[in-house]
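I'll jot down what I look up as I go.

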Amino acid sequence: MSAVVITGTQWGDEGKGKIVDYLAARADVVVRFQGGSNAGHTVTVNGEEYKLRLLPSGILYPKTKCVIGNGVVLDPAVVLEEMDAMSSRGIDVSSIKISNRAHVVMPYHKLIDELNENLRAENKIGTTKRGIGPCYIDKDDRIGIRVCDLIDREEFASKLKTILPMKNLILEKVYNHAPLDFDAIVDEYSGYAQRLEPYVCDTISLLNDQLDCGKKILFEGAQATMLDIDYGTYPYVTASHPISGGVGVGAGVAPKKIDCVVGVVKAYCTRVGEGPFPTEQLNAIGDKLRECGHEFGTVTGRPRRTGWLDACVVRYAGQLSGIDYMAVTRLDILDSFDEIKMCVGYKLDGRLLNEIPASLKILARVEPVYETFEGWREPISDIRSYDELPSKAKKYLERMSEVTGIGLGIVSVGPNRDQTIVLKEII
Ligand code: GDP
Ligand code: IMO
Ligand code: MG
């Protein structure tokens, strides 16, 4: 299949980076289409870890083109830092392409993200403070600065001349914060512009041309369904569309050109930041999941909240993104559990619900309906075929597929490339 979307089905950190890197061996292009440096995708090759925030997880293959699409909000300092870090590890970054239409994260975006969180106090969202929300707000408010403006020195200065006084007024009058200096920003950003210019192009025509020539493209989602601005647990969400529909607007590739959608499902569930999490385990089970899974955020280092797999959420992700196959990750983290639970439905006042409640007040009241599975209690990280998995593990996976209505495509039993069991050739 030539156009495949990889999307997160839960609250992020499902292992999208690992799955994209694995599939990228057979792809010509890997594209990020939304989000920004709030993403933290870890790819492990021969035991070496690469932490990616803006660079697509195809970067480790010399022949794969990596594209940062128009729907991404680009922090120039972060992308350059990542490119330098990759180069210093001997990875060629010369084929990276950055959309001239992507919006640029500015210093006031990061500052306002942080100041807003402080103002929200106990109602904070728990953002990554990377300026993601404020940058998308400016895009919608039509006061954003795009990459094509960044690399045009005159245009950049002229836009900033209008925008910065507006931002400084807000900083001073609303947040009681010192204003930002025009010249300092122009100086800093002109350095970034000079370095980034060679990578900037019209990625829309590039991607559509590649598809027309029969090339294989992977669209790498960041964040996940339950963090989607429309479909997630609003307002505890991010500011973009991580669902597969995000590809149309975030990469300029029409929905009818997508051949396959893969939903990445962590075998249990985690969440970073605030907001509802029906299957959260605020007990010894949650602690064990966090310890066994080393569940600490890549971007912020925060401990991740942990709980049992919520198949209702995965089923919802399947509907929203049209998921063809699941890539189940981190099954090995459950190796030492005597008992494993899966939420297969929500009950509200004794009645089974057919949907995920929009109201957070109602969502907070739902009772997860659990099915209990016997743990397999043996290490599975060295297993390389589905048939060799313990029957108790297969039972768990097969029930997951049954409840969500989505077929099993991949089962991952460790972070490395070879720790991947393929049930369906995807690309
Ligand atoms: P992403 O944001 O969805 O790309 O996920 P993260 O990279 O933030 O978190 C997933 C973590 O799990 C990373 O450290 C991966 O290397 C690791 N990982 C991915 N798949 C597996 C797996 O099957 N087993 C184990 N033990 N680790 C995995
Ligand atoms: P990957 O791609 C997990 C969460 C933040 C916060 C909310 C809003 O690695 O799966 P933002 O900074 O986006 O405005 O924060 O979204 N969040 C993530 N959680 N994984 C991510 O990315 C996330 N990106 C944002 O913790 O709750
Ligand atoms: Mg992550």
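How many of the residues of helix H11 are buried? Before I count, a reminder to myself: this is a predicted model.

**Entry 1: helix H11**

I looked up helix H11, residues 311–321, and found 8 of its 11 residues buried, so I'd call this helix mostly covered, with "buried" being under 20% relative accessible area. The buried ones are Ala311, Cys312, Val313, Val314, Tyr316, Ala317, Gly318 and Ser321. Next I checked what sits over them. The cover includes strands S1 (3–8), S11 (260–266), S14 (309–310), S15 (325–329) and S16 (339–348), and also helix H13.

**Entry 2: Lys394**

Lys394 belongs to H13, which runs over residues 391–404. Does Lys394 have a salt bridge, or has it none? I found none, even though Lys394 is buried. The nearest side chain of opposite charge is Asp387, 4.8 Å away.

**Entry 3: the largest pocket**

The largest one has a volume of about 1100 Å³. I got 49 lining residues, with Ile132, Val237, Thr238, Ala239 and Ser240 closest to the centre. Helices H3 (107–120), H4 (132–140) and H9 (246–251) are the elements that give two or more residues to this lining. H4 gives the most, with 7 residues. Sorted by class, I have 18 nonpolar, 22 polar and 9 charged residues here.

**Entry 4: the second largest pocket**

This one holds about 600 Å³ of space. Its lining has 26 residues, and Thr42, Glu49, Arg304, Arg330 and Pro415 lie nearest the centre. Two or more lining residues come from each of helix H1 (16–24), strand S3 (41–45) and strand S4 (48–52). My tally by class reads 3 nonpolar, 13 polar and 10 charged.

**Entry 5: the cavity**

Last, I searched the whole structure for cavities of 30 Å³ or more and got 1. The largest cavity has a volume of about 30 Å³. Which residues line the largest cavity? I wrote down Lys18, Asp21, Tyr22, Val43, Thr44, Pro415, Asn416 and Arg417. H1 and S3 each supply at least two of the lining residues, and H1 has the largest share, with 3. By class, the lining splits into 3 nonpolar, 2 polar and 3 charged residues.

Methods: Residues numbered from 1 in each chain as written. Chains lettered and ligands numbered in written order. Predicted model: local features only at pLDDT ≥ 70, side-chain atom pairs only at ≥ 80, totals over all residues. Heavy atoms only, no water. Helix = DSSP H or I, 4+ residues; strand = E, 2+ residues; numbered from the N terminus. Buried < 20%, exposed > 50% of the residue type's maximum accessible area, 1.4 Å probe, protein only. Lys, Arg positive; Asp, Glu negative; His and termini not counted. Salt bridge = Lys/Arg side-chain N within 4 Å of Asp/Glu carboxyl O. 1 Å grid on protein atoms, 1.4 Å probe; cavity = no way out; pocket = protein on both sides within 12 Å on 5 of 7 lines; lining within 4 Å. Points joined across faces, edges and corners; volume = space filled by probe spheres on them. Nonpolar A, V, L, I, M, F, W, Y, C, P; charged D, E, K, R; others polar. Contact = heavy atoms within 4.5 Å.
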